[in-house]
Amino acid sequence: MARILITSALPYINGVKHLGNLAGSMLPADVYARAMRLLGHEVLYICATDEHGTPAELAAADAGMAVADYCDKMHDAQRAAGADFKMSYDYFGRSSALSNHEMTQHLAHMLETNGLIEERVSEQVYSNADGRFLPDRYVEGTCPNCGADGARGDQCDSCGKLLDPADLIEPYSAVSGSKDVEIRQTNHLYLKQSDMADRLRAWIDKAEGWPNLAKSIAYKWLDEGLHDRAITRDMKWGIPVAYKGVPRPGFEDKVFYVWFDAPIEYISATKDWADATGHDWQSWWRTDKGADDVTYVEFMGKDNVAFHTLSFPTTLIGSGEPWKLVDRLKAFNWVTWYGGKFSTSQKRGVFMDQALDLAPSDYWRWHLTANAPEGADAGFTFEDFAARINSDLANVLGNFVNRITKYCVGKFDGKVPCPKKYGGGEWGKPEDTLVAELAERLPKLIAYYEAMEFRKAASETRAIWATGNEYLTEAAPWSQYKTDIDQAAIGVRIGLNLVAFFGVIAQPIIPDAAGKILDAMHIPKDNRTWKFGEGDWNERVKAILDALPHGHEISAPEVLFTKIEDADIEEWKQRFGGEG
RNA sequence: GGUGGGGUAGCUCAGCUGGUUAGAGCGCAGGACUCAUAAUCCUGAGGUCGAGAGUUCAAGUCUCUCUCCCACCA
């Protein structure tokens, strides 16, 4: 048994996330967390909303709400959406939580103590009309690069050039529209990442369990030279630049930059979890306090890799304190929507709350896992979605459960046939074939989960389900029944055990349906783990196929998976603007 | 422009350190079965592995050039 700390990249606060966000971080992290728990590991899965920064303020202004109220509302919405998708977070925190203020201020203090933070003067746009500095997207103007109007302070949407707000031509405030702005000097704290380059490189050299992509991105940044970054902004919404309640002189109207405090929330949320549940957070994060045996796994989109391999480690290593650093990370590409991008701002694609109006969470979880954007971008279409659900869930799994449980109820009284009562049947070739195939596939399935290969795990799960239909066709208990009821009893008994087994292995990806199956088989909640015994897999599989108590009563569940009809697809495409 | 990923059957994708007739699912065609959500099972047809050149006894799998798609960085 191992101790596994899992974090998913924090979903940003400015709205309910779309399916791409879900598929690229939270969902695979959840599937992994569930699988590892089933294997008997001690798992802590932490997530939170990322609430600071300019986009949050702008979104709140759009909604006509105070930022704090807006964040409260959106946090609740995201929490609800996560719960509806059966995210098994041990804790779903907020980067605006008090604990994160304290932790962020503490780490900044430690970095400064170690000489890694210094104050520097920089030029920023100040709005006289608004009485405030205009960081990042708060200032707009004409792009100095391409001449387009409406370029934002951090980037021109027209030419894609990254900008410095002070370089905009004819700048104006995005808050009030006022052109009464000027360039003023202001002090900011800079994190001297350049001083950390050697230590980071040494750490990355030793890192194992990173995908090539992650290492190459990290090395590229190191090779080009890490730039010192400002970690404060002229804003009110955020974590105050203070220490132990005392504001830093001259920084009363400044806060820490969102990219500095967001990853720290992984730690702070763990602390909040511990406070709420009576656990010890330091045993997960401090290697001097028991975290040395923790394996820390991070899930994220590809755009987040540099922050997790360089920025956050810089903070932790630079503090000089013995923090747990990432061991393995899993990065995902994007899910595309009919060939284009999902977009929160343009409301393009399906969002988590809407998705559940269309189909149950299991359907989405299954499709987005089987079609996870692991090697490359993965395209989403309703047609693919429907085809996969109808085939994998309804036809292969759902129909199998249905056919054998109904048959048992009809011919064997709804009970697992007991060998004492039906003693004449013989173990034969169909059974040998089944055992051989499962003995090969089950260990592969487990290995795929351990390797975080989610597409392959889903595909292997499906292949295992399919063995049930193959077996029933060969054993054909309905034919045997006509001449040899005892022989039919073997097929039914093994079939029922397969149902239970299929439910057990389905749990990480489709927890609801798996629960329904296991409930119908009357299997106690504490008897659904992946403890498959030791030794030879053939023997283990034989035990799995005779696990249900003889005479044990079962019931035939309702239709587990309703199929998606062509008419549904058409309606959804109309509603969500999917283009062919 | 730089870096990385991708371009393999109609579609979605597997193919590890190069080696027998290039695989899976879906779709399609034919057959079987009737316990089951017109489900299932079996068989089959489909690919000069983006283009070109090179290394090698042997390349989808290595090298170079070109080309298209995507992301990140500039």
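Cysteine 408 is buried, at a relative accessible area of 0% (buried means under 20% relative accessible area, exposed over 50% and partly exposed in between, with a 1.4 Å probe and protein chains only). This is a predicted model, in which local features need pLDDT of at least 70 and side-chain atom pairs count only at pLDDT 80 or more, while totals for chains, interfaces and linings use all residues. Residues are numbered from 1 along each chain as its sequence is written, chains are lettered from A and ligands numbered from 1 in the order in which they are written, and side-chain values use heavy atoms, with hydrogens and water left out.

**Cysteines**

- The whole structure holds zero disulfides, a disulfide being a pair of cysteine sulfur atoms within 2.5 Å.
- Cysteine 408 is in no disulfide, and the nearest cysteine sulfur, from cysteine 418, is 13 Å away.
- Cysteine 47 is likewise in no disulfide, with the sulfur of cysteine 71 as its nearest at 15 Å.
- Cysteine 47 counts as buried, because its relative accessibility is 0%.

**Around RNA strand B**

- RNA strand B is surrounded by 33 residues, and the closest are Lys341, Asp377, Asn399, Arg403 and Lys406; a residue is near a strand or molecule if one of its heavy atoms lies within 4 Å of it.
- These residues divide into 13 charged, 11 nonpolar and nine polar; Asp, Glu, Lys and Arg count as charged, Ala, Val, Leu, Ile, Met, Phe, Trp, Tyr, Cys and Pro as nonpolar, and the others, Gly among them, as polar.
- Sugar or phosphate accounts for 77% of the atoms of RNA strand B within 4 Å of the protein, and bases make up the rest.
- α13 (382-411) gives the largest share of this surface, nine residues; helices are DSSP runs of H or I with at least four residues, numbered from the N terminus.
- At least two residues each come from α6 (212-224), α13, α15 (454-475) and α16 (477-483).
- Asparagine 399 has a polar side-chain atom 2.5 Å from a sugar or linking oxygen of RNA strand B.
- Threonine 473 places a side-chain N or O atom 3.1 Å from a sugar or linking oxygen of RNA strand B.

**Domains**

- Chain A is assigned domain 1 (3-111 + 259-359), domain 2 (116-230) and domain 3 (380-544), with bounds that come from an automatic or database domain assignment.
- The centres of domain 2 and domain 3, taken over C-alpha atoms, are 55 Å apart.

**Salt bridges**

- There are 30 salt bridges in the whole structure, each a side-chain nitrogen of Lys or Arg within 4 Å of a carboxyl oxygen of Asp or Glu.
- Arginine 575 pairs with aspartate 357, with the closest N and O atoms 3.9 Å apart.
- This pair links distant parts of the chain, helix α20 (residues 566-576) for arginine 575 and helix α11 (residues 352-358) for aspartate 357, 218 residues apart.
- Arginine 575 is partly exposed at 47%, while aspartate 357 is exposed at 57%.
- Glutamate 437 and arginine 441 form a salt bridge at 3.0 Å between the closest N and O atoms, and both lie in helix α14 (residues 429-450), four residues apart, about one turn of the helix.
- Aspartate 546 meets arginine 493 in a salt bridge of 3.9 Å, N to O.
- Aspartate 546 sits in the loop between α19 (537-544) and α20, and arginine 493 in helix α17 (residues 485-506), so this pair ties together parts 53 residues apart in sequence.
- Arginine 493 is buried at 13%, and shared partners join Glu118, Arg120, Lys192, Asp195 and Asp228 into one salt-bridge network.

Terms used: A polar contact is a pair of N or O atoms within 3.5 Å; within protein, one must be able to donate a hydrogen and the other to accept it, and residues adjacent in sequence count only if both atoms are side-chain atoms.
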